[in-house]
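Please look over the entry below before reading the notes on it.

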Amino acid sequence: MINWFKFSSPKTFYPLAGKLISWLVALATVLALIGMYVGFFMAPTDAQQGEGYRIIFLHVPVSWMSMFIYVVMAFWAAIGLAFNSRLSAMMASALAPTGAMFTFLSLWTGALWGKPMWGTWWVWDARLTSELILLFLYMGFMALQSAIDEPRRADKAGAVLALVGVVNIPIIYFSVQWWNTLHQGASVSLTRAPSMATIMLVGMLLMALAAWLYTVAAALARVRCIILERERHAGWVNQLNEVKQ
Amino acid sequence: MNWTNPGDFFAMGGYGLYVWGSVLVTAVALCAEWLLLRKRRNAALLHAKRELILKKEYSNETTT
């Protein structure tokens, strides 16, 4: 059996993460290329929205990731707070910038989709506003952590903010049901059959999987930077080939 | 196949600005993140290397 606790130490996690990154990036690139091919060459023109609907192949995956990353970030923050484990708190910090980037992309691609279809770049409705609040939560988390000099205290303060903010995730997800909004309902849900052609769904899921793999790779790359920054006094860091040379 | 020529493909049925605006900004954001990560890693490695040099110098001074 694998001893998972072994990998909760930065010393053993650092080389493992390093080995995984290039594989994850390669796989994400291949899946994204196939996904884009399916989305732009195989998926048919939409009956209502013409070719403009093809933004969906970016908009839905980045929006899913913006919410999913926040939940994972809050999870690691909670583990770090409960067990006082260094690596969990570092994982939470490593996820935040990627989450903020996907949230920005969700708003950006949404605006570019909203303009031709709704006639406006932005409306203050429930779905769009709660997604904007998500961006502020990510930025608040990063600003709070960088404002505190002592890393362990920064971890704790950030964790509390991340956990309080998690309440926004169900609000984003259910906003299209709870309120009257311009935004359409969920394209894919677990309770009913998807409301789109299978080939469109395939393209979207491929892109979502690519975005997920990309996120894991980016978070691992960033957590390795954080480990180096925080543990550069440690003996094992001095022994690394990339430091010794 | 949806497109008969490259012009069609780039026009996206009149939605070219919106579709390619989304694709371009997404690609730029992803590339920018990797560049920033690389910069951060190089800076962190440089700090760790300097620390190691200082450690070695210190141990040389104390032993000689």
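Predicted model: local features only at pLDDT ≥ 70, side-chain atom pairs only at ≥ 80, totals over all residues.

Residues are numbered from 1 along each chain as its sequence is written, chains are lettered from A in the order in which they are written, and side-chain values use heavy atoms, with hydrogens and water left out.

**Fold and dimensions**
- Chain A has nine helices and zero strands, where helices (H or I, at least four residues) and strands (E, at least two) are DSSP runs numbered from the N terminus.
- Along the principal axes, the C-alpha atoms of chain A occupy a box of roughly 65 × 35 × 35 Å.

**Burial**
- Of the 245 residues in chain A, 49% are buried, meaning under 20% relative accessible area with a 1.4 Å probe and protein chains only.

**Nonpolar cores**
- A nonpolar core is a set of buried Ala, Val, Leu, Ile, Met, Phe, Trp, Tyr and Cys residues joined through side-chain atoms within 4.5 Å.
- The largest such core holds 63 residues, of which A:Tyr70, A:Met73, A:Phe102 and A:Tyr138 touch the most other members.
- Helix α7 of chain A (residues 198-230) gives the most to this core, with 14 residues.
- A second, separate core of 22 residues includes A:Phe40 and A:Ile56 together with B:Tyr18 and B:Val19.

**Contacts**
- Beyond its neighbours within four places in sequence, A:Phe102 is in contact (heavy atoms within 4.5 Å) with residues including A:Val62, A:Met65, A:Ile69, A:Ala211 and A:Tyr214.
- In chain A, 74% of the contacts between residues at least 6 apart in sequence join residues at least 24 apart.

Methods
Buried < 20%, exposed > 50% of the residue type's maximum accessible area, 1.4 Å probe, protein only.
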